[in-house]
Amino acid sequence: MDDSNAVKLFVGNLDLETTQDDLIALFAPYGEVVHITVLRQFAFVHLQGEGAADSAIRDLNGRENPKGGPSIPPKYLWVTYLYDLFSAYGK
């Protein structure tokens, strides 16, 4: 798959049991999931499609984690552009 036009998103505050398939199911309604890297409690999702990233961020950021389980406080997803996290540090 060509991911040259894919937008890279950071997804944080994931449950330790979160799998790549869980994230595909979560992000597929927003656009084509080109690539996912899951690392403990965060992931990088490469999403392709017109407005896909904006829609995913708007709908999923701050949403209660579906795999959060009975955590106190509940886990809320953190979804943002990867670029936004690091742009303050230079190009």
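**View 1. Strand 2 meets strand 3.** Seven bridges join strand 2 to strand 3, and the two strands run antiparallel. Two strands are said to pair if DSSP finds at least two bridges between them. Strands (E, at least two residues) and helices (H or I, at least four residues) are DSSP runs, numbered from the N terminus. This is a predicted model, in which local features need pLDDT of at least 70 and side-chain atom pairs count only at pLDDT 80 or more, while totals for chains, interfaces and linings use all residues. Residues are numbered from 1 along each chain as its sequence is written, and side-chain values use heavy atoms, with hydrogens and water left out. Look for glutamate 32, which stands opposite glutamine 48 in strand 3. Isoleucine 36 has valine 45 of strand 3 as its bridge partner. In the hairpin of these two strands there are two residues between the strands, and arginine 40 takes a positive phi near 45°.

**View 2. Strand 1 has partners on both sides.** Six bridges join strand 1 to strand 3, and four bridges join strand 1 to strand 4. Both pairs run antiparallel. Valine 7 stands opposite leucine 47 of strand 3, whereas valine 11 has valine 79 of strand 4 as its bridge partner.

View 3. Along the sequence, the chain follows the pattern β-α-β-β-α-β-α, with three helices and four strands.

View 4. Is valine 11 buried or exposed? Its relative accessibility is 0%, so valine 11 counts as buried; buried means under 20% relative accessible area, exposed over 50%, and partly exposed in between (1.4 Å probe, protein chains only). Valine 11 is found in strand 1. Valine 11 and phenylalanine 44 are 33 residues apart in sequence, and 6.2 Å apart in space from C-alpha to C-alpha.

**View 5. Helix 1 and its two faces.** Helix 1 covers residues 20–27, and its buried residues are Leu23, Leu26 and Phe27. Seen down the helix axis, these buried residues fall within an arc of 85°, so they line one face of helix 1. The arc is that of the directions from the helix axis to the C-beta atoms. Which exposed residues sit on the face turned away from the buried side? They are Asp21 and Ala25. The cover over the buried residues of helix 1 includes strand 1, strand 2, strand 3, helix 2 and strand 4.

**View 6. The largest nonpolar core.** How many residues does this core have? The largest nonpolar core has 19 residues, and those with the most contacts inside it are Leu9, Phe27, Leu47 and Val79. A nonpolar core is a set of buried Ala, Val, Leu, Ile, Met, Phe, Trp, Tyr and Cys residues joined through side-chain atoms within 4.5 Å. Strand 1, helix 1, strand 2, strand 3 and helix 2 are the elements that give two or more residues to this core. Helix 2 gives the most, with five residues. Valine 79 touches, among others, Leu9, Phe27, Ile57 and Leu60, not counting residues up to four places away in sequence. In soluble globular proteins, nonpolar side chains tend to be buried together.

**View 7. Aspartate 15 in a loop.** Aspartate 15 is found in the loop between strand 1 and helix 1. Its relative accessibility is 15%, so aspartate 15 counts as buried. The side chain of aspartate 15 reaches the backbone nitrogen of glutamate 17 at 2.9 Å.

Key. Contact means heavy atoms within 4.5 Å. A polar contact is a pair of N or O atoms within 3.5 Å; within protein, one must be able to donate a hydrogen and the other to accept it, and residues adjacent in sequence count only if both atoms are side-chain atoms.
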